[in-house]
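Hello,

Here is the structure we talked about, with my notes below it. Please read them with the model open.

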Amino acid sequence: MRVGYALDGDDSCIADARRHAAAFLDLASAEQHLPVSARARDLTALVVSELVTNTRKYAPGPVLLELCVTARVVEVTVWDSAPTMPAARAADPNRVGQHGLEIVKAVAQDFTVRREAVGKRITARIPLADGPARRF
């Protein structure tokens, strides 16, 4: 199951993206009978928020959000038009903010960034079922 959304990149697009992700997981659970844990829902909302927020801050123009679910994971992909590849910063307990990419990499099962002809595509995969707790 796969869906895509074009977000206009204004201030409301982050909340819109979270709503789309929640509705998508509800649909996947209802129609595909996939067990989507509360943790998977929360982590998906977090990842969507962080990736779309970064796109909103650093890339001009529209944002494309794609959600895909398999029997084991939900895949969150965000495309933006900026050519600059993101990089997690070194841990710094004194830094306020700019921890989004670190958070996404910590909670995702898999994280990839792919340069496109225009912009880039960032993908994070989140397990649908609860597994052993990860230490952050």
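**Cys68 and strand β2**

Cys68 sits in strand β2. This is a predicted model, and everything below was computed from it. With a relative accessibility of 10%, Cys68 falls under the 20% cut-off, so this residue counts as buried. Setting aside neighbours within four places in sequence, Cys68 is in contact with Met1, Arg2, Phe24, Val73, Val74 and Glu75. One of these contacts, Phe24, is itself among the buried residues of α1. From Cys68 to Leu46 the separation is 22 residues in sequence and 16 Å in space, C-alpha to C-alpha.

The 20 residues of α1 should span 28 Å at 1.5 Å a residue, and the end C-alpha atoms are 27 Å apart, which agrees. Buried in α1 are Cys13, Ile14, Ala17, Ala21, Phe24, Leu25 and Ala28. These residues cover an arc of only 115 degrees around the axis, which means that they are on the same side of α1. They pack against β1, α2, β2 and β3. On the other side of the helix, Arg19, Ala30 and Glu31 are exposed.

Most residues other than glycine have a negative phi. His33 is not a glycine, yet its phi is positive, at about 55 degrees.

**Helix α2**

Helix α2 covers residues 38-58. Its 21 residues should span 30 Å at 1.5 Å a residue, and the distance between its end C-alpha atoms is 30 Å, which agrees. The buried residues of α2 are Ala40, Leu43, Thr44, Val47, Val48, Ser49, Glu50, Leu51, Val52 and Thr55. What covers them includes the strands β1 (2-7), β2 (63-69), β3 (73-80) and β5 (120-127), along with the helices α1 (13-32) and α3 (100-107).

Leu46 also lies in α2. Is it buried, exposed or partly exposed? At 29% relative accessibility, between the cut-offs of 20% and 50%, Leu46 counts as partly exposed. Not counting residues up to four places away in sequence, Leu46 touches Ile103 and Val107. Val107 is one of the buried residues of α3. Leu46 and Gly100 are 54 residues apart in sequence, while their C-alpha atoms are 9.3 Å apart in space.

**Helix α3**

In α3, the buried residues are Gly100, Leu101, Val104 and Val107. Seen down the axis of α3, they fall within an arc of 140 degrees, so they line one face of the helix. Their cover includes α2, β4 and β5.

**The largest pocket**

How much space lies in the largest pocket? The figure is about 440 Å³. The lining has 23 residues, of which Asn54, Tyr58, Pro86, Ala87 and Leu101 are the closest to the centre of the pocket. Leu101 is also one of the buried residues of α3. At least two residues of the lining come from each of α2, α3 and β5. Helix α2 gives the most, with seven residues. By type, the lining divides into ten nonpolar, seven polar and six charged residues.

**Gly119**

Gly119 is placed in the loop between β4 (110-115) and β5. With a relative accessible area of 7%, under the 20% cut-off, Gly119 is buried. Gly119 touches Trp79, Asp80, Ser81, Ala82 and Pro83, not counting residues up to four places away in sequence. Gly119 and Ala23 are 96 residues apart in sequence, and their C-alpha atoms are 27 Å apart in space.

**For a first look**

Regards

Methods: Residues numbered from 1 in each chain as written. Predicted model: local features only at pLDDT ≥ 70, side-chain atom pairs only at ≥ 80, totals over all residues. Heavy atoms only, no water. Helix = DSSP H or I, 4+ residues; strand = E, 2+ residues; numbered from the N terminus. Expected span 1.5 Å × (residues − 1). Buried < 20%, exposed > 50% of the residue type's maximum accessible area, 1.4 Å probe, protein only. Contact = heavy atoms within 4.5 Å. Arc of directions from axis to C-beta. 1 Å grid on protein atoms, 1.4 Å probe; cavity = no way out; pocket = protein on both sides within 12 Å on 5 of 7 lines; lining within 4 Å. Points joined across faces, edges and corners; volume = space filled by probe spheres on them. Nonpolar A, V, L, I, M, F, W, Y, C, P; charged D, E, K, R; others polar.
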